[in-house]
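Subject: Structure handover and notes

Dear colleague,

Please find the structure below, as promised. I would be grateful if you could read the notes after it with the coordinates open.

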Amino acid sequence: AAFFGPVERGNPVVDSFETELRRVLCSLRRLRGARAAKPPQHDLHRQGANTLFNIWIKYKPRLPEWYYNERLVKVGDTLAQIKEYKLALLQCYERYLQQFVSVNFDDVMDDVHRFKSTFFPNGIRDKKAALTFHALQARNVCIYRMVCSRDRNLQDRESLQTCFNVLTSLQLTMQVALPQENLCWLIYNGTIHIYTICRHLMVMGQSAKVLEYMLWASICMESSIPLLSVHYLTWRATLYTAVSQCYFDCQAGIHGEIFARRGLIKIDEMKQLEDIRSSLEHIETEKIFREATLKMSVMIFKRAVYESRRKSNSFRHESKVNPRKAVNLSWPRTATERLLVEMFDGAAAQFLAILEALSDSSRNLLPPHPPVPDEIEIRDVTSELFSAGLEILSGNSIKKQEPPFYFENIFVVIAGEKGVSGDAAVKFVKLAFSYEEWDVFYSALEFVDNFLQTQDDPAWKKAEIELKLLTLMQPLVFPGKFERSFSISGHNSKEARALQGSEKTQTIIKESSKPEDPFHDLMILATTVCSCVSTSEQNVHPDKEILVDVVMCLWQKCKPELQQIQMSGSDCSEYIHKHQAYQWVHILWIMNEIIEKSSIADTNVMFAEITLCLAAILENVADS
């Protein structure tokens, strides 16, 4: 029988409905948790999805509409939390929204008036408007998460377009909700979702297209009166920083600096108001304003440190500081260091400014190369930044704890505090490698290596492995520059044992890879990388970007020899024996193993060429 009375505990219909919901949600949660250890159990998952579908159909005519709708959205939130995005989208959010539209949802998103009349026929002040806004926003988030699950690197053009459609839909939803102060939570959540998607797209080189959405999110935070409080200032500053970064990515640094200065003015205006009427603890507000100001100052420094040198040639003949002799000079030693001291208090803030000034979205870790602009001033500034960073690193302890805020993928401590975070120190070493600052690279590596060897957390082991790979690659990209060694710590740990490689691999290296052999460094690098990706602990595997760079480096070095072997055709075995080319085939085999075990095959078409080359050589060997 249908139930239209008040929804109270003890009502048999409601109790039965809630019991069935709890049962299916528990089942889906268990299945989700088991997927990490076992193969996906598709039949059980399909059974859970069908059960949920039947529950909605069974109870819709027996429950009050408002209660049924609230549970639809609430269950959708629960499913999204356990990453069942498709179920949340189809069985909950879109099921709720179907009461407003029966056509394609996206057809309604191209016009604000049609959007409002469709989803809010009684106006946005209606009782269920907030629930509708929430369902619309959650639907977009689920769509984005589903795209990421099947195409994390957004290589498919359709995936990219879907992300931009989601951003447009989020923007439209926020535009309609913005005038209502009671919906400020929706605006705040919307800025978080826009930022998350845009940062992902920025990494994929889409900064020019996401700039308008980041600007929109920033202006929304300024336009909602409840969100103008000090409590939300840290998040506003993060959005301002992302907008500036977009401009820098688009080679429009002047606009990035202008926007950062605008943000600084906004922060200062709020501080003046807060000094008049302080609602929070004074120490807490000071910390918030200091962090926000630091973020804006760093983005200003990012351009100013170079432009100030371009405008004046008086510094051109200032001698560069050799990192090895830096201990003999007093800080600040250069124009760059003097600007750092003027703009920032404390080593942590100065180190953050250095990292951001050296970071460039268009620069990859490999191949390493000096600054692109052929200007003496720019090269001098870059060297001075590295010298200053090394000085800070050598004079301050490296900290492993998580500092107060997150900035551009690097953890840093707030201005005024001593110490440099481990993440920031590792980033600095990688940047030195990228810029061919070899003196700085190896000097900084000594400090960072000492820190990493005292840590047990997998995140630090991963960083240690990545730096080891860079040291092994250095003689390949720049032969004869340096002869350094780098050891993985914790020889009793699983990770360390795995990194030593198999006995067979060690034998091959010892017996057939003499230092004078052309493939000596190649073999060591190849076997080390293969050992890294062969460990069962996924969280210590190097990042895919580094693995891709390493394999491509190996391929470029080995390709001429391997092509000669491949071209020998039916005389393949004889050619390999005559020219002692077994090692080149072995390296090719290892490269193929790395590609397979690290799941990077779909990141570059060149990896298909590696696999085909191996197959062709093995066929020729079999036929000869």
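This is a predicted model: local features need pLDDT of at least 70, side-chain atom pairs count only at pLDDT 80 or more; totals for chains, interfaces and linings use all residues.

Residues are numbered from 1 along each chain as its sequence is written, and side-chain values use heavy atoms, with hydrogens and water left out.

The chain has 25 helices and 4 strands, taken as DSSP runs numbered from the N terminus (helices are H or I with at least four residues, strands E with at least two). Of its 624 residues, 53% count as buried, where buried means under 20% relative accessible area, exposed over 50% and partly exposed in between, with a 1.4 Å probe and protein chains only. Among contacts (heavy atoms within 4.5 Å) between residues at least 6 apart in sequence, 70% join residues at least 24 apart.

Helix 25 (residues 606–623) has 18 residues and reaches 26 Å from its first C-alpha to its last, close to the 26 Å expected at 1.5 Å a residue, the expected span being 1.5 Å times one less than the number of residues. Its buried residues are Met606, Phe607, Ile610, Cys613, Leu614, Ile617 and Asn620. Seen down the axis of helix 25, these buried residues fall within an arc of 150 degrees, so they line one face of the helix; the arc is that of the directions from the helix axis to the C-beta atoms. They pack against helix 22 (544–567), helix 23 (572–578) and helix 24 (582–598), whereas the face turned away from the buried side of helix 25 carries the exposed residues Leu612, Glu619, Ala622 and Asp623.

As for the helix pair, the axes of helix 12 (residues 282–310) and helix 14 (residues 347–358) come within 9 Å and cross at roughly 50 degrees, with axes being lines fitted to C-alpha atoms, for helices over the stretch in contact, and angles running from 0 to 180 degrees between N-to-C directions. Among the residues of helix 12 that meet helix 14 are Leu294, Phe301 and Tyr306, and the residues met in helix 14 include Leu352, Ile354 and Leu358.

In helix 13 (residues 335–343), Ala335, Thr336, Glu337, Leu339 and Leu340 are buried, and the buried residues of helix 13 pack against helix 12, helix 14 and helix 15 (376–395).

Helix 8 is followed by Gly205, whose phi is positive, near 85 degrees.
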